[in-house]
Amino acid sequence: MPQLFHRSANTLARASILGVVLLLTGVAAALFQLQRSPYVTRQHEVLDQPIPFSHKHHVSGLGLDCRYCHTSVEESSFAGIPPTKTCMNCHAEMWTSAPLLDPLRASFRTGQSIHWNRVHDLPDYVYFNHSIHIAKGVGCYSCHGPVDQMPLMYEENSLQMEWCLNCHREPEKFLRPKEEVFNMTYHQPTPAHPVEWDGKQYYSQVLLGDDLKQQYHVRTVADITSCSTCHR
Amino acid sequence: MSNHTDSNPVLISADEIKPASPELETVRKKLASATGKRYWRTVQELADEPAFGELLQREFPRGAGEWLDPVSRRNFLKLAGASMALAGLAGCTRQPIEQILPYVRQPEYLVPGKPIFFATAMPFSDYALPLLVETHEYRPTKVEGNPQHGASMGATDLFAQASILDLYDPDRSVNITYKGEPRPWGEFLGSIRGRVLYHNANKGAGLRFLTRATASPTFGSQMAAIQQTFPQSKWHRWQPVHRDGARAGSKMAFGAYYDPIYKFDAADVVVSLDGDFLSGSWFPGFVRYARDFMSRRKDPDKGMNRLYVAETCPTTTGAKADHKIPVRNSELEHIARALAAKVGVAGAGGGQINADQQKWVDAAAADLMQHKGKSIVVPGVFHTPALCALAHAMNAALGNAGQTVTYIDPVEIAPVEHLQSIRELVDDINAGKVETLIIIDGNPVYDVPVDLGFGDALKKVVTSENGMIVQLAIYNNETSEYATWHVPMAHYLESWGDTRSFDGAVTLMQPMIAPLYGGKSANEIIAIFTDQPDSSGYDMLRAYWRSQHTGDDFEAWWRRSLHDGYIANSVFPAKQVTARLGAVPPPPAVDPNAIEIIFRPDPTIFDGAYNNNGWLQETPKPLSRGTWDNVAYISPNMANEFGFFVLETDGIATSDSQKNVNADHQSDSQNVIEITLDGRKVKVPAWPQPGHPDQAVSLFLGYGRKKTGTVGAGAGYDAYSVRPMTSQYVGSGSIQLTKDHWDIAITQGHFTMDTREPVKAASLQQYLDNKQFAHNPEEEPKEADSLYPDFRQKGWYKANAWGMAIDLNSCVGCQACSVACYAENNISVVGKYQVQRGREMMWIRIDTYYAGDPANPSVYFQPLPCMQCENAPCEGVCPVGATVHSTEGLNDMVYNRCVGTRYCSNNCPYKVRRFNFLLFADYTTPVLKLMRNPDVTVRSRGVMEKCTYCIQRITAARINAEEQNRYTEGRIDIRDGEIKTACQQACPADAIIFGDINDPNSRVAQLKAQPRNYSVLSEVNTRPRTTYLAAVNNPNPELEKA
Amino acid sequence: MATKIDDEIDVLPPKGVRPPIIGPGQTLGTVTDRIGGIVLAKHTPVFWFLIVALCVALFGMLNTAIAYLLGRGVGIWGVNIPVGWGFAIVNFVWWIGIGHAGTLISAILLLFKQGWRTSINRFAEAMTLFAVMQAGLFPLLHTGRPWLAAYWLFPIPLTMGVWPQFRSPLIWDVFAVSTYFTVSFLFWGIGLIPDFATLRDSAKTLLVRRIYGMLAMGWRGSAKHWNRYETAYMLLAGLATPLVLSVHSVVSLDFAVAVVPGWHTTFFPPYFVAGAIFSGFAMVLMLAIPFRYLYGMQDFITLRHLQNCAKLMLATGLIVAYSYSMEMFIGWYSNDKFELGLVHNRLHGPYSHYYFVLIFCNIIAPQSLWLNKVRSTPWILFIVSMIVQTGMWLERFVIVVLSLNRDFLPSSWGMYWWTKWDMMTLIGTMGFFTLLFFLFIRFMPAISISELRGLLPQSKVKE
Amino acid sequence: MTTAQPIYGMMAEFDNPTDLVHASKAAFEAGYRKMDTYTPYPVEEAAEAVGAHHNRVALICLIGALLGMIGGYSLEYWVSVISYPINVGGKPFHAWPAFIPVTFECAVLGASLATVFGMLALNGLPQPYHPVFNVSGFSGASRDRFFLCIESQDPRFSLGDTRKFLESHHPVQVSEVPY
């Protein structure tokens, strides 16, 4: 009886089995990476804006406080996007002829809003509240990153649920004194650069975080990881 | 207190922020092209929606409304395919880039993301309900009662709650039309100016105004001005649910029109002669009266008041009575006379009544005599003058007048008897005396007594060569077809105005939003005739009150009044009047064989004004639990004679007769009978209503509309079509059985408690003998016997633990809570067919149970929200953990995690969970997006939903308290009452109390400590956070013995 | 050969003598030819095309129903509140139940050294697989959004950082059913290897030989291979036995774990397992009888097999009957108001007629199996099996709907009406099932050739 | 063919299992070890004759079962107690009774997979090419023929003697098995 298959078939058969296994694992791994990839999260992706507004220039350059524009950040869920009027407070005198600012003047003239593209956009079933995070000593930096170094705004963090949980599960690792919340240059305490708060010197974030948690009545981890904290 | 985001409400009057209200025009234009975003943060944001990237969001299908649209349903395969394609990647779908549009000039008072509350008032019938309205970026989203105002005390009725939906109703009339052709405002103005000049010449001969009853002082002054400019003109009034009987009765008793004001909180004994003061706002002062009356039944240990009711058509008032007798309309006046005679009213007597009625009368009379000055006799508002006169006389004889009953001038401006008024108009028209008819609000062609032939009359006017009819109405209705000019009317939330609450206090109305559909207010239309065509409603209002206000502090006074929503100390003073029972006509003869046809306003649709309101259409009628149709009540006996299915109470019809099968929830097919009255016929579905008198049929107004919006179209039968002048509320006719059947969508098919006893009830005596009567030690599991760990040990429920107590004694079953919940929680309307399928979405339903003799049963109402069980059966069975427990003891529902196995609903012993079997939420109608509460997710297809104790309000209050640094012994110090759930806030009877059960001083904690407190189905050991206070009634021992 | 009806084989042997497991005169060669012939035959019989065509039509209907479901949502079905589970779950449990006989025959009977199992275990296992495939469809469709259910039910590290809720019986179900499918597939698969080798060697054309050659993986019947093969087969049998019992127990826990009266009961697992085997054997007969008739397999699937299946049906049927009576008895004996209400609802409620039909199908009808005549007459057996199959579907309907429609609060009692979409889905899966089965018969040895050889007298080693 | 060419072995074909078993036994007694029989169905006697008594399939199965069991339970424990402990209907985080079904299923799954793939691996399958297929009439091995093959690897193997030895057990035919 003649052979049905050539000798090489044996190696071929075993190799192909191995191949399939590898392929499947590969695909799975790829998917898990994809869902966390910047492609999906839009992390570090600079969106086109009608006006190339530079936070770097206005914050570290001119030293504007976050709250000058984002007025409701301390009292409302919504930090607030400055109305055209706010920009015109200065730009009525400065750069009055810069073509860059045409859309701004147009908006002020016509009363039509400027259409910014949303950079930090949570899904609609997530109810994030800025004011309470500010009140508990979560710095702007913790979520928005080095805004003062961003010529054009982009999303520093993934804003995915697992990312939120990082902090909600261990707030002490991220809390900072309230007075430092808007401070873009603040650094967590290290033995080299201690942080003074409440008359005490802190050499490690853990100690500081624990005290802040006490002081600011941060609710228990069980509390702030309950589903209804963010979902309704 | 109605603000749930701040302990002291941001109450602002709109005139302080004039420029605020966003450019609605642009919003509206852009809305047309907008696609479905699930909610937005500012109107501007909404007004410019990116259309792309829809498919990417398919796993919570945005704009998947296209499924419901037959046209695009064809390509559902394609789209389903898309969703499948996303299946594997759903975790990886990118969000579409969304835009954000800041204000150009942000209004001073606006904090984006925080609601602002404005005070205003809702005109209803001829008086008003004072309100606070919650607005988000100047979109009104929720209506609450004005807590500082005596007519509301913070509560509302279901109509007020539903009026929000009316405001945004896409079916509202949007165009000024001339003979059906759209026309610009200017052209209308021009043609009216012509008229004005013409009538200036002829002193207003042939100029007529037809309005509903109004209590607006400004409007009154305008009409007065008109009378001066056009002496010959006439102002007619018509509203179908009028109180002519009461008016005439008052004249009969006092020689003038007066409105009675009752002080139920001061009355120990209340006798109602079909006085339906616990059912709805057609009884002036309902909201306040429910609160007052129930305040005397909250704590049996402190004693209770006692309510005797003799009623014709069963109402929730009768349901709450300690002693109720169903009587036929013609018998009622006899009973009144007998009662009057017994309480010593001279000239009364002469009533023939049967033994049962005699017993009731004797007991009631005895009780009344024992409580002189501390009792009330309440006459029905839909009855003969004589009945009302007798009631006034009794109150006088009992010394109640001035004590528990006072009389004030009518709040209606220039009160008239409406039937008289409309009749004059029609006569004049027929006599050709009418050239110009201005119809403001209302829908006379539909609801004027049928034998007046109003439609034909109007035709005469329009067809006459100089005739013109101007109609101002919110909807294009039956009347619009006859109008020369139709002008869209502004909703009360869109217009300036003033009116009076039932006690005469002036309440001011301010707009929450610029007219969505370019509507005009009544004042603005009338102004055209008083030569101020372009003066705004605000100017007129302000001008009028400027003239009224004495003193130089007008500005401050005006601002305060607008801010509060009412003018201080404007309540009408009580009149010192005494009822003289003069020539009361002899009582009508009782014909035992005649069939009495009774007409009543519909419990949820009223006179038809709310016919196109989905929330109200889907709200079950309190007693029949029917939706989307009106039925005709007949007595169980009559039903038996006809051989109809008889609605079960545990007195009859076991729940298992095959006949009863279709009565199981959902579609209940009813036999149709034909009503004949004065030779006019109408076919109606007969509903065997326990407690309905024999030889009588009750019809409900407001349905069977020929021209209405998409919602109300085709619902119910038109009772007006057989309602002649002579029988406004009752007539004698005949009924005929037909072969037809009529499917009624009911939300409850079993009205007996079977063996389950969800409602525990006892008499006051039984309660005093055994305060623990609501508890059954054998069945109730002890705290100890559980295999589960005590989560309090693990730190759960330690800080704030939310709970609710519902007082079954107080609940009057008015449904205000259900509708409030619709408004607060963006609940979808599903329509008649889906309700028949058992898919209504109501988060808090009111179960109605009947016990005892179906001819005159005891009735119990039980509001049922989610029980928030600590051992929640629903949670353990969810495979994905979409419903789990929060540390505050809430049974969280995570919509975006739900995959829709419906296991939780199966395992819920209370069946309070609701499922989006189809895409019920409307993602496509742009204007409805303005209405939604931005703090609550709009649930999509295939998602389970349920009551959350208004988690959004809890969160807001908690955050607010934390930011104000309020803490006490480990708990966040949220003040008791700082959080009110929507249902609690709306409840007129104050039957629902929510709060922190860890705070021993909270009301809820104290109520739960009462012996009456029990949990439904405790034997299942679900440990509900929502518990009930058992019902205790206060029957007269005398009658008990008999 | 094939479709001729050789009736004489179905003639009953004299009293006391049991029909043989294999017809007389079969040799190693004939066995190979007769069974392999079905697959390797030049001409596919006409009836095969007719049946497959019909099934394809039904399969199309199924897909239509599914597509519309995905488009609109489960609202197109009859489900509602309170009856949140309808046809989908009823069909799921029904199909899963059917899927039990296969593994039972191949595993448990193997452990008990029941020789007669060999000629029916192969297609019984195939039946199992196909039935489980049908069953598997429903839990997914039943959510209306399978693209979520498909992956949120498995522990996958997604960006939400949340996981399945392992206290839910539905999750147990996911694991039980998927495991059951995998194991049954392996069992069936390794059983096929030697037979593929047979087909490889007896096929005429090179292509066919190559195809089966690949499937056979180079099996050459080496003694060492046989030795490991046998061990593995036995081990799988040993694993499958507790598994098959566990699967339907877990399915029964979907109900038993709930608080719903009529579900909340401890004796569901044995009750469900018995029912499953009951319906499983009914299905085996419903497939075996036409199969042996159409392909003239009376020599290999003899009256002996039919009789044994019938006896097993009778036995399990009696267990089921016992369960029904216990249900009622406990309901009465507990004197619990909800349990009493349940009994009342079943006997007098709006759906009582369903219950009585169920009693007839599952308790009365099977009693006919006491008669040897019935057990030995294929066409009667076929009808009885059909009745039982209907009954078992009704049983699930009664459990699901008649418990939910009147549970705790009378105010929320309701009714359930199935829609045309429900029906299309049910009938569609029947078509899908039959389709797969006939494809299987056509392309794979429907009877285990190698195992059958072992039963032949000539295959014994003489000392 | 020339004898110079190396061959896989010497193959004897029988038409009944009895002869095969006798031949195999004899071969074993004759000291042959590297040999194998090929039969259309499992013939235990033959297996014993060529010395295939024990195998490690059962061990592999056990290992699979243990892995599955431990894996399943620890997954459940980690998910519900460590990763994201949530209060579900008041049930304990570590609700071990509820964890049993999944643990069991995982164990069975692990065991089954291990068994099947272990068996195939030990058998060196898939192996579509094998010298024995070169023997004419070997297709009978999957029908009604029985083969005994003594492999050339065997120290005692020698073309002449082995052929003689096999022919002495009345086979249908004896043939060389080329590589």
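This is a predicted model: local features need pLDDT of at least 70, side-chain atom pairs count only at pLDDT 80 or more; totals for chains, interfaces and linings use all residues.
Residues are numbered from 1 along each chain as its sequence is written, chains are lettered from A in the order in which they are written, and side-chain values use heavy atoms, with hydrogens and water left out.

**View 1. An open sheet of 3 strands in chain B.** The strand order is β2-β3-β4, with antiparallel pairing, where strands are DSSP runs (E, at least two residues) numbered from the N terminus and two strands pair if DSSP finds at least two bridges between them. Because β2 (116–124) and β4 (139–145) of chain B stand at the edges, each with a single partner strand, one side of each is left without a neighbour in the sheet. From one strand to the next the twist averages 35° (axes are lines fitted to C-alpha atoms, and angles run from 0 to 180 degrees between N-to-C directions). Strand β3 (residues 127–136) of chain B pairs with β4(B) in the antiparallel sense over 6 bridges.

**View 2. The interface of chain C and chain B.** Here 70 residues of chain C are in contact (heavy atoms within 4.5 Å) with 74 residues of chain B. The two chains bury about 6000 Å² between them, 57% of it on carbon and sulfur atoms, buried area being the accessible area (1.4 Å probe) that two parts lose on being put together, summed over both. R72(C), I81(C) and W147(C) supply 14% of the area that chain C buries against chain B, more than any other three residues.

**View 3. A salt bridge between E1019(B) and K337(C).** The closest N and O atoms of this pair are 2.8 Å apart, a salt bridge being a side-chain nitrogen of Lys or Arg within 4 Å of a carboxyl oxygen of Asp or Glu. Between chain C and chain B the count is 3 salt bridges.

**View 4. The interface of chain A and chain D.** In this view, 15 residues of chain A are in contact with 17 residues of chain D, and the area buried between the chains is about 1400 Å², of which carbon and sulfur atoms give 53%. Across this interface the rule finds 0 salt bridges.

How values were computed:
Helices (H or I, at least four residues) and strands (E, at least two) are DSSP runs, numbered from the N terminus.
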